[in-house]
Amino acid sequence: MDVTSSQKLTAEARFKDELALLKKNDPDLKPAGWLLSPRAVRKFILGDAALGISQKFYGDNPLVDRCIVALMGHQGLMLVGEPGTAKTLLSELLSAAISGDSLLVVQGSAGIIEDHLRYGWNYAVLLAEGPSERAMVASPVMAAMQQGKIARIEELTRCAPEVQDALISLMSEKTISTPELGSGTEVRAARGFNLIGTANLRDLGVNEMSSALKRRFNFETVQPISDPVFEQELVAQQVSERMAEYDIGQQMPDDVLALLVSVFRDLRTGQTHDGAVVAQTKSVMSTAEAVNVGHAAMLDAAFLDGASAVTPAHIARHLGGVVFKDEDDDVRKFRAYIDTIARARSRKSKAWKLFFKSAKTGLDG
Amino acid sequence: MVDEERFDAVRDGLFQPESGVFFAPVRHHSPACAWAVQQMVREIRPKTVLVEAPHDFAHIIPHLIHPDTKPPVAIAGLLDQKDGPRLAAYYPFCAHSPEYVALKEGAEIGAQLRFIDQPSEAKMGKARALVDEAVFDGSDFVSALAKKTGCRDGFELWDHLFETRLGTANWQDFLLDVGVYCAGLRASTPGSVLQESGDLAREGFMARQIASVEKGQKPVLVVVGGFHVPALVGLQQPVKAAEIKPPKAQSYLIRYGYKELDALNGYAAGLPQPAYYETLWNNAQTARGTPDWQAVAGGIVQEFASQMRKEGHGIALPAMVEMLRSADALSKLRGRPGVMRHDLIDALKSALLKGEASGRDAWTERFVLFLRGHSLGEICEGTGQPPLVADAMQRAKAFRFDVSDGQRRARSLDIRRKPRHLAASQFSHAMALLDTGFAARQSGPDFINAVQTGLLFENWHYAWSPQVEGMLIQAAIHGDTIPDACAGALLAERVALVEDGRANDIEALVVLLKRGLLAGVGAPLTALVGEVEKAIRISADFERAAMAMQALHTIEVSRGPLGLPDTVSVQGAMRVAFERVVFLCDDLANAPDETLPAKLAALRLITEFLRSDGASAFDVQVFDEALDRVAAANPPAEILGAVLVIGLQSGKRAPDDLVRAMRGQFNGAFLSNESKVGFLRGMLEISASILWSIPSLLEELDRFLSGLEDLTFLELLPHLRLALTRLSPRQSDQLAEILADRFDGAVSDFTGGQVEVSAQAAAAGAAAEIRLQRALVDDGLAEWVAGRGATP
């Protein structure tokens, strides 16, 4: 595949120069099969001013240390956390830095079968020649084992439990037996092989991981962005990126942006910036969802309302799609938030007044 | 001065062999510093050891270094103010405190030991901790350096730079580096902060103390917080010794615990989790040098695992191995010679947490608690009474308790009318709260269980005894005055609740609050009110939240023993309770049957409260709106009845609504007939008089009852009775009258009155009874007759 012309470049392509630079300046010991030393991997992800390496993952440096160390051991690494917390980005960066290859990836879904984790067959060759290595189609995991690289499994909990279980022996033995090629044949993992999984443990419709599988992974929870100013910048940037394709030249006013991020942060963290406590919603109030709401509100304002700019009322209208998605309880929590926090703020701020009115109407019909 | 010059000044001034002055810049509770100080004393053999501690504490030094005294201990300073509360502050020592090691080692070689800081009163009132190291964690210098080294905060940075050098033979280089580091800290601290914090004044004082050491008493070793060293090395002009005034504060040596030490670290007073650093210190002492880091980490993990196994949280061997491997790899990745505290904690997270971590997880908490430890110090005999004992004695006398001997005496207190008696009662309650065994209440109002709260007198038995003193010494850990100690004891009970898994038990918290009020604890109760508030905030139980609101309201309007002091307010907590009640209202629609009586009672409680004067601060409309939602959400009949009556009372609903709803219930299709009465029960629970204040309601009920078949009526009867028990006897009479009127009869027609029995009929009845009994006896059933308590 020609990665340079695709919609999204792989991490190793995007940061080719940085990786080369790090490789050149890497005096430290490398674990077998690793392209970079653990310290260089750390620099790649967290940045290094001296070498001119950019920081790519924010917020939790010790987490990155733990991830790197986990991958040096026999355990796999399981990244968990809310959607929109850059788990996939982190796993991509890790595999790009360690193996120079972030493409050995299995996208977990209910449709995944064991073959996708082990191997399948090229049936034309199989019928013509019988079972042979040539007829075998290695899964990304098996390919990673053969090449001593990091394989990634996205959304592991979306796979059926019996498929997940295929990983148990694979993780402990680090081999895949291939009885079709003759008894006793197997593919042994070259050094450097490991697995990074990402999983969502809270969504509906995911499968619980067995404890046997859990034991074979070190779990790391990726937390949402903790710095409000940084989050606001990130939301503004992503919303305007998305709006670029509509060519309407609208920007989200600062007060609306602040309100949007504030509502999401309040409901996510369970606390407002001035210390008032809020009931946390079960629904995901991630940065990514804030971007979705901001985006929808802007489209609404521009195309349905014909308004000159997006207002807090639009935000209130579209919050419903996020907060009320599947939890009745969250509606109550949101109502409590509106009744107390938003009501109090509406007395002092025009933006909050608009938001309060619109949200109240939305709730009470 | 440019930075390099600052660093050079410290480097050049730290050790001055020519003038015989040696500085040891230290961080409190740092084993690495303690090690360097130990080596230093042994090598330079100073004739004088000066320690940065309030000089009015000097009289405690002999007790502190006594062989029977085992750290952790603390010097407690106590200062009476003319106006305002008595101030208390602590100077803690543990075995690995550089100051303690300097004193012990100095004593060993016969050096003169002195404390050289300003008297404790200068710092009291500013902080509870007499040692202050906020800059080690908060300054720009630290943040920048932490960022550069990849450490997350000042604590990790300190460990990374210095604790990793524990056991070094080269104490000179180590202390020079600490000095330079502290020069950096100081350079990034604005001058105004130094002035305001009083640091400059203290440094001036210490410099004069150092300069006053005579030539014959040198070499002199000065053990001071590293932050002051850059200033002290420059202030070396020989000046007149500082004038020492008689101390204003009293000071005592008390037993201290790692728990308290760690809590004090909340005030930025040294390294946290003392048991961990003690382990490092002990290992260095055993190894007489750099500890075997791998063995230290292995030992810690193993001990933790075995303790956890005892507590029922087993750790599998592979997980232990993975934890050690991760810790080791992390320390290498971070460029350390050995595994340090943060590596261990990170490794624990990697190895033991399976699943998503939210905020503070159980394993990390257990481990941090383990690293904190539970050690409690010992103090040698003859160190004088801790201030709490004196305070208790003084108060007992002031409140006219006879404590001249151990005799048990009775005392009756008129708590509602005599303020002095109320104060004496508070003291007795406080002594009971501290579990001293001084006083026991024999009778009187029980405010905790709300029994006989109207009584005017409280009767106590009391006696002073050595046991009381012993218990007070134990309680001294909580504070130095009775109210302070009570506040501390309540806090400890609060912590025990948390450890018990009852962190959010509102009732238990309210009891703690009440006990605090009865003991006259005062302002510190604000923290407890905050805890109640927190528990309410996450309460999932409508009744509990309502109960809390009611309990807080009771406290708020109380005068006398349970009254709130001016400094404490429960308004905020009540507001939170109200918000929570409103939030939980939506649960009413789905309340399980068995909880209905409690929910109805809570609804009544809330409505009664919201209609009272105390509720003016609340936005009742929000509550009404919530009830409207409940009514619309197809709730159980009981709840519907209650909610509609509340709506009627608040004028939001018309009487017709209620009548229509009741008709709907009576004519509805239910699985069981008793459900039909639920609505009535809910209604009556809120207001009994509703039955006759809306005539059509009674009509509707009448129509329903008269339309019932006899059997159904009998089936319903117990449920009807249950519903109608809400009526008081007077209300029953009133209802009877209305019903009588309605059917053109008299009340006596219903109440039955007296049935007249003629003498003849009575005799006939008696004769029949006798005949019946005989017949039973004849049939061989005499026992059965006897069993019924009658004789033939």
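Modeller: Of the 792 residues in chain B, 42% are buried. A residue is called buried if 20 or more other C-beta atoms lie within 10 Å of its own, exposed if 12 or fewer do, and partly exposed in between, with the C-beta atoms placed from the backbone. This is a predicted model, in which local features need pLDDT of at least 70 and side-chain atom pairs count only at pLDDT 80 or more, whereas totals for chains, interfaces and linings use all residues. Residues are numbered from 1 along each chain as its sequence is written, while chains are lettered from A and ligands numbered from 1 in the order in which they are written.

Chain B holds 37 helices and 11 strands. Helices (H or I, at least four residues) and strands (E, at least two) are DSSP runs, numbered from the N terminus. Two residues are in contact if their C-beta atoms, placed from the backbone, lie within 7 Å. Among the contacts in chain B between residues at least 6 apart in sequence, 75% join residues at least 24 apart.

In chain B, three strands form an open sheet in the order β9-β11-β10, with antiparallel pairing. Two strands pair if DSSP finds at least two bridges between them. The edges of the sheet are β9 (409-414) and β10 (439-443) of chain B, each with a single partner strand, so one side of each has no neighbour in the sheet. From one strand to the next, the twist averages 30°.

Each pairing may now be taken in turn. β9(B) is joined to β11 (residues 457-462) of chain B by six bridges, and the two run antiparallel. In this pairing B:R409 stands opposite B:Y462 of β11(B). Between β10(B) and β11(B) there are four bridges, again with the strands running antiparallel. Here B:R441 faces B:W460 of β11(B) as its opposite residue.

The side chains come next. In a regular strand the side chains alternate between the two faces of the sheet.

Elsewhere in chain B, some backbone details deserve attention. Most residues other than glycine have a negative phi, and most peptide bonds are trans. The peptide bond from B:P71 to B:P72 is cis, with omega near 5°, and B:P72 is found in the loop between α3 (61-64) and β4 (73-79) of chain B. The bond from B:K218 to B:P219 is also cis, with omega near 5°; B:P219 has its place in the loop between α10 (199-211) and β7 (220-225) of chain B. B:Q273, which is not a glycine, has a positive phi of about 45°. B:Q273 lies in the loop between α12 (258-264) and α13 (274-287) of chain B and counts as buried because it has 22 C-beta neighbours inside 10 Å.

Finally, chain B also meets chain A. The contact takes 27 residues from chain A and 23 residues from chain B. α4(A) gives the most to the side of chain A that touches chain B, with eight residues. α4(A) and helix α15 (residues 317-333) of chain B pack at an angle of about 120°, with their axes 9 Å apart. α4(A) is therefore oblique to α15(B). Angles under 35 degrees count as roughly parallel, over 145 as roughly antiparallel, 65 to 115 as roughly perpendicular and the rest as oblique. Among the residues that make this contact are A:I68 and A:V69 of α4(A), together with B:A329 and B:L330 of α15(B).

Methods. Axes fitted to C-alpha atoms, helices over the stretch in contact; angles between N-to-C directions.
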